[in-house]
There are 2 protein chains.
Amino acid sequence: MMTPLDHAESWLADRGEKLTELRREVLSHLLDAHGPMKAYELLTALQKGRPGASPPTVYRTLDFLVGMGLVHRIDSLQSFVACPIFHAPHQGVMLVCERCHGVEELESPSWMETLRNEVAATGFVMNQHELEIKGLCRACQEATA
Amino acid sequence: MMTPLDHAESWLADRGEKLTELRREVLSHLLDAHGPMKAYELLTALQKGRPGASPPTVYRTLDFLVGMGLVHRIDSLQSFVACPIFHAPHQGVMLVCERCHGVEELESPSWMETLRNEVAATGFVMNQHELEIKGLCRACQEATA
DNA sequence: GGAAAAATGTAATGTTATTACATATTGGCC
DNA sequence: GGCCAATATGTAATAACATTACATTTTTCC
């Protein structure tokens, strides 16, 4: 049985990087959360087993994981979420629920190419396709109704 | 000649709100900047003529202007930009240059409806259509090349 | 002109993120 | 094994961003 952490490890190995113990812990917390976590929430969690953990500990590790595509930063929530689909490079679209702050990730939807073309028509070149779309997830629509 | 500030004033009047002196100053600074400004940059600018200005002064005013659609918050830059098109309600797409941090606003592009429909197909309802797309603006592409 | 609502002032604090430098760990090479 | 360089982590301080709570002033409207 291949766990998400195992996947992450081989994903990194393919790129010449290592899943160190610290990185493993951080990613593990994010995976367990099943949703976005704040940097300082992660810090508190880390400090349970690692008394010396400090902000740079967390931010450096997050920078690495985000750079490798294992974690996404959600700007509008100032939070971080484990990427559920890191078996391949992908273009993520984040659906951010404004009520519960849950995040669903849509992989490479069909309109991405249209979007890219129309943006390019203005002379602007998209680098990064992490779009955040805000709204209400299904559960919160039902709860609100 | 109808200045942007005059437009803003009548836009607010139509909605039963006022462009007070403080709001006018903040919006004026944002318009002059021709690009995104940080909250504390605005604060420093305000303090020139208003010694008592403090963080709440700025954040409250920005909240108001954002709420009225005269200003957009750019989450990825933690900055605020005057909206160039507040003559009508619109769906903004922000093209954020990763090099110069300039922001161009695209009004209601044609793929918006497709996007909305495809997102809706997942059970998620979009509330707010302020998308941020990161990349390189034309000028920075040329400078880099 | 007086009460209620809206806007602004003021002080303190909370939250998020970075800088700069020290130490430890790993991996290659002889 | 012993050394060097590169990578990773530890540590202290501080910078940058944002909110809370409450006081005061200004405006609105009867």
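The model is predicted: local features need pLDDT of at least 70, side-chain atom pairs count only at pLDDT 80 or more, and totals for chains, interfaces and linings use all residues. Residues are numbered from 1 along each chain as its sequence is written, chains are lettered from A and ligands numbered from 1 in the order in which they are written, and side-chain values use heavy atoms, with hydrogens and water left out.

**Interface of chains A and B**

The contact (heavy atoms within 4.5 Å) draws 34 residues from chain B and 34 residues from chain A. About 2900 Å² is buried between chain B and chain A, 54% of it on carbon and sulfur atoms; buried area is the accessible area (1.4 Å probe) that two parts lose on being put together, summed over both. On the side of chain B, Trp111(B), Phe124(B) and Lys134(B) lose the most area to chain A, together 22% of what that side buries.

Two salt bridges (a side-chain nitrogen of Lys or Arg within 4 Å of a carboxyl oxygen of Asp or Glu) are counted between chain B and chain A. One salt bridge joins the side chains of Lys134(A) and Asp75(B), at 3.2 Å from N to O.

Among the elements giving two or more residues to the side of chain B that touches chain A are β3 (92-97), α5 (112-120) and β6 (131-136) of chain B. Of these, β6(B) gives the most, with six residues. Helices (H or I, at least four residues) and strands (E, at least two) are DSSP runs, numbered from the N terminus.

**Surface near DNA strand D**

DNA strand D is surrounded by 18 residues, each with a heavy atom within 4 Å of the strand. Sugar and phosphate make up 49% of the atoms of DNA strand D that come within 4 Å of the protein.

| Residue | Atom of DNA strand D | Distance |
|---|---|---|
| Thr20(A) | phosphate oxygen | 2.7 Å |
| Lys38(B) | phosphate oxygen | 2.8 Å |
| Tyr40(B) | base nitrogen | 2.7 Å |

The elements that give two or more residues to this surface are α2 (21-33) and α4 (55-67) of chain A, together with α4 (55-67) of chain B.

Notes:
Polar contact = N/O pair within 3.5 Å; in protein donor to acceptor, adjacent residues only side chain to side chain.
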